[in-house]
Amino acid sequence: MAMAAALRREGRRLTQPINALHSSLNSSLISQDQAPHGARSISTQVVRNRMKSVRNIQKFTKAMKMVAASKLRAVQTRTENSRGLWQPFTALLGDDPSVDVKKNVVVTISSDKGLCGGINSTSVKISRVLNKLNSGPDKETKYVILGEKAKAQFLRDSKKQIALSLTELQKNPLNYTQVPVLADDILKNVEYDALRIVFNKFHSVVQFLPTVATVLSPEVIEREAESGGKLGELDSYEIEGGETKAEILQNLAEFQFSCVMYNAVLENACSEQGARMSAMDSSSRNAGDMLDRLTLTYNRTRQASITTELIEIISGASALEG
């Protein structure tokens, strides 16, 4: 009896590890059977979520393209009409970007918002090139920045050279009555011999030309006129009234700067909307291509899942019959 009891106790001790081993094997088999099916379900769900995100982005870019087209139509007419303001001043006072002066002020016009291609980076690059070309031991160059995007780029490496920065110019439709106030604010905060306005001139929706317009101070204009250069014809005009030649040149220079600034801001606004239209159109087409690829991936993944399940069912049925 004692021998039988000892054998039963030993059998129970051996049975417990064996049962634990069986249960662990069964659980591992169940998890292995469920893992591929779960993985396939997660894979198709991820692709569906990605397709939904791409569709939403495509709707967003198409809407932005339509908004940009509407804004472009609204500002394009005013831009074309503004081109006749500064042309008489260019014929009279000239526009010589190669004039050599000591105090240069680079007025960089950019946008406050992004998603408009590389127009802002182009303006910043040209402004930095002008800074290098007009640098010297006795020369000084300052920046006047219009727009948030150019301001963010200049703050990285040229913070000390920024004399004035203005933003949100395009928050409301710009008219000419606002420009003299803007020009007067700039002229009060900087001392200059030459103002170099950097902007993007609008040609078409897909084409804009980086442009530099130069406005000289009255002292430099008088000096160039006396030296017999391109401005030598100014002495051929007769002055009527009680104003002196210096006062007339001062008024002409300020009025020229206002007209050039008005045209430059509108030209840059047109270029911004045109570049945004092109960028959003490219984004919409890229989203469509990505959606096609994701649809193909989703169909292949779903077909592979169905094929695997069919193989498992057929294999199971064959095993039961065998």
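Let's start with E272 and its burial. Its relative accessibility is 7%, so E272 counts as buried. Buried here means under 20% relative accessible area; exposed is over 50%, and partly exposed lies in between, with a 1.4 Å probe and protein chains only. One caution on the source: this is a predicted model, where local features need pLDDT of at least 70, side-chain atom pairs count only at pLDDT 80 or more, and totals for chains, interfaces and linings use all residues. Residues are numbered from 1 along each chain as its sequence is written, and side-chain values use heavy atoms, with hydrogens and water left out.

Back to E272. This residue sits in helix 6. Helices are DSSP runs of H or I with at least four residues, strands are runs of E with at least two, and both are numbered from the N terminus. What does E272 contact, leaving aside its neighbours within four places in sequence? The partners are S111, K113, C116 and I119. Contact means heavy atoms within 4.5 Å. Then there is A68. In sequence, A68 and E272 are 204 residues apart; in space, C-alpha to C-alpha, they are 8.8 Å apart.

Next, aromatics. How many aromatic pairs does a search of the whole structure find? The count is 2. The criterion covers rings of Phe, Tyr and Trp (its six-membered ring) with centres within 6.5 Å; planes under 30 degrees apart are stacked, over 60 edge-to-face, the rest tilted.

Take Y143 and F154. Their ring centres are 4.4 Å apart and the planes stand at 35 degrees, so this pair is tilted. Y143 is in strand 2 (residues 140–146), F154 in helix 3 (residues 148–157), and 11 residues separate them. Both Y143 and F154 are buried.

Now Y176 and Y262. Here the centres are 5.4 Å apart and the planes at 85 degrees, so the pair is edge-to-face. Y176 lies in the loop between strand 3 (162–166) and helix 4 (178–189), while Y262 belongs to helix 6 (residues 245–321), so the pair ties together parts 86 residues apart in sequence. Y176 is partly exposed, at 27% relative accessible area. Y262 is buried, at 9%.

Finally, the whole chain. It has 6 helices and 5 strands. From the N terminus, the order is α-β-α-β-α-β-α-β-β-α-α. Of the 322 residues, 34% are buried. Among contacts between residues at least 6 apart in sequence, 77% join residues at least 24 apart.
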